[in-house]
Amino acid sequence: MSSAKLPTVYIFLDEGGNFDFSSKGSKYFILTCVSLYRPFSLHTELDTYKYDLIEHRIKPRLEMEYFHCAEDNKYVRKSLFEKLQSKIPPKSVDTVIVEKNKTGPALQAPEKFYPKMLGYLLKYAIGKVSEEIGEVVVITDSIPVAKKRKAIEKGVKLNLAAMLPKGVPYRIMHHASRSHYGLQIADYFNWAVYRKWEHGDDGAFSIVKSQIRSEFDIFRTGTTYYY
């Protein structure tokens, strides 16, 4: 079968927590990806729901352009998580949890950190894809910081080149999250995972736990990574 007839897997990436490794920063840094195939069955429903909110003057926040979990109100957040639970296929989400105080100084630079952590994340995402792949398209939110952007691109390219069967093409794109429901979906899943680990609040996570394929705490054995 030619690659043109094989499905494209779209991997939408999001992150949670801050990149401050001092005691003032978040305890955890979370990387989450959602792997989806076309047709994106939830996108039309989300578009309809957004305009329903406009017409009924329900404001998740002022001048809403797109869904953003941390800023949406509880009513909208609950509705979105229920839609994710019913429409996103089970085992579509992979996430890596980094306990930051166990991350050695040499690994804290973006050019070291992202390739390593994205390697773990993509290992689960690509390694557990159940069907043959024609192409892999990785989409992240727009990244204004050049150093961070280059680190993410390097991490994705290096790991996909090593993991994918020879000849399977891949691309990485940076789109504004407001432009793609896939990124907004990834944001919601990442928020649920982050709330569980950082704040001990698993309310949202419990709604979408059937969609979570892997939840990998890389320091679960207590090991500190120095390089």
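Trainee: How many disulfides does the structure hold?

Mentor: A disulfide is a covalent bond between the sulfur atoms of two cysteines. With the criterion of a pair of cysteine sulfur atoms within 2.5 Å, the structure holds zero disulfides. This is a predicted model, in which local features need pLDDT of at least 70, side-chain atom pairs count only at pLDDT 80 or more, and totals for chains, interfaces and linings use all residues. Residues are numbered from 1 along each chain as its sequence is written, and side-chain values use heavy atoms, with hydrogens and water left out.

Trainee: Is strand β6 enclosed or open, and why?

Mentor: Strands are DSSP runs of E with at least two residues, and helices are runs of H or I with at least four, numbered from the N terminus. Strand β6 (residues 212–217) is largely enclosed by the rest of the structure, because five of its six residues are buried.

Trainee: Which strand do five bridges join to β6?

Mentor: Two strands pair if DSSP finds at least two bridges between them. Here five bridges join β6 to strand β3 (residues 93–99), and the two run parallel. Within this pairing, I97 stands opposite D217 in β6.

Technical notes:
Buried means under 20% relative accessible area, exposed over 50%, partly exposed in between (1.4 Å probe, protein chains only).
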